[in-house]
Amino acid sequence: MANLDAGAKQILSSKDAASNALSPPSLPYIKPKLAEGEVMAPPPVVHYHMNNVTVTGDPIGNRESVLILTPLARFYDGYWDNLVKLSYPHDLISLGFIIPKGREGNLATQQLQERIQKTQAPTNKNRFASITILRQDDEIPVLTSEHERHALSAQKERRAAMSKARNALLFTTLGPTTSWVLWLDSDIVETPASLVQDLASHDKGIIVPNCFQRYYNKDKESMDVRPYDFNSWQDSPTAKGLAEKMGPEEILLEGCIITTSN
C-alpha cells in the first residue's frame, strides 16, 4: 500500500479505511496499534451483494467503481498528469501498480510515491478512492530499446513475466464493488480526460482502444503519428487453425507461432 502522511492516516482511520486486513482493496487498510499482549480480533464474515454491481454505458450516473491497473517499470510525469485530469469522479477510481525489483523499480516507486503524496493530501478534495502499490519479488527482463522489446525472440520470456505480474496485480486489487477494470500502460502519456466515459459508452464487456505513437517521419522530414499497439487483433481462420495445433510451450503472436525449448 502506498505510504501516507500523518494527516492522511488521521482521515483514513475513520469511515474511509477498510475494517480489517482481509477487506476488499477498494479502501486502504491501516493496521491498528495493539497493546502489549493484545490479540487482534479475527476478521468478520462479510456478505457482499454482487448482484448490485452494475456494468453499464452510463457509469457516472450509476456510480460504478473503476479500477485502473498499471505495471510500472518506469515513471512518466505525463502518465500521472493524465490520471489526475480524468473527469471521471475520483472517489469512484481505485489505482493499482506493480513495480519490479531492482534499481529502476526503486526509482519508479520513489517517483510514484512523491506524486501520490501530493494527490492524496488531506487538503485535496479530488483524491482517488484508494491506491495500492505492489513490489515484485524478482526482477523482470530489462529490454532498453523499442527494437529489443518487440523482437520475436524476446516475446515468450517478456510476455510470461508480464502475464505473471498482471495476474498478481489484478487478483490482489479486484474487489466486490469493482464494475470496470482499465489496464493503462505507464508510457501512455496522452489520453483524453473523458477516457473512462468514452470506453464505457460503447456498452461492451471488453473494449480495446487504439494506441498511436508520435515519431519523426524521415520521409516527410517532420513529426508524424502511426499506429503503435500491434497486440490487439482479430484472429483469421488461418491463425485459429495454427492455434489448434499449438504445443504447451508455444505462443501465438500476430499469426506467428514461437517455440522455445526449455
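A residue is called buried if its relative accessible area is under 20%, exposed if it is over 50%, and partly exposed in between, using a 1.4 Å probe and protein chains only. The model here is predicted, so local features need pLDDT of at least 70, side-chain atom pairs count only at pLDDT 80 or more, and totals for chains, interfaces and linings use all residues. Residues are numbered from 1 along each chain as its sequence is written, and side-chain values use heavy atoms, with hydrogens and water left out.

**The overall picture**

The protein has seven helices and eight strands; these are DSSP runs numbered from the N terminus, with helices being H or I of at least four residues and strands E of at least two. Of its 262 residues, 32% are buried.

Let's start with β2 (residues 93-99). How many of its residues are buried? Seven of the seven are, so the strand is largely enclosed by the rest of the structure. I93, L95, F97 and I99 point one way, while S94, G96 and I98 point the other way.

Strands count as paired if DSSP finds at least two bridges between them. β2 pairs in the parallel sense with β1 (residues 65-71) over six bridges, and T70 has F97 as its bridge partner. Six bridges also join β2 to β3 (residues 130-135), again running parallel, with S94 opposite S130. Between β2 and β3 the chain passes through helix α3 (residues 103-119) in a right-handed β-α-β crossover. Another right-handed β-α-β unit is made by β1, helix α2 (residues 77-85) and β2. Right-handed means that, with the strands pointing away from you, the path from the first strand over the helix to the second runs clockwise.

**Salt bridges**

Side chains of opposite charge can pair when their charged atoms come close. A salt bridge here is a side-chain nitrogen of Lys or Arg within 4 Å of a carboxyl oxygen of Asp or Glu. The structure holds seven of them, including these:

| Pair | N to O distance |
|---|---|
| D91 and R63 | 2.7 Å |
| E104 and R74 | 3.7 Å |
| D224 and K220 | 3.1 Å |

D91 is partly exposed because its relative accessibility is 44%, and R63, at 48%, is partly exposed too. E104 is partly exposed at 39%, and R74 is partly exposed at 29%. K220, at 54%, counts as exposed. Finally, D77, D81 and R115 are linked in a network of salt bridges.
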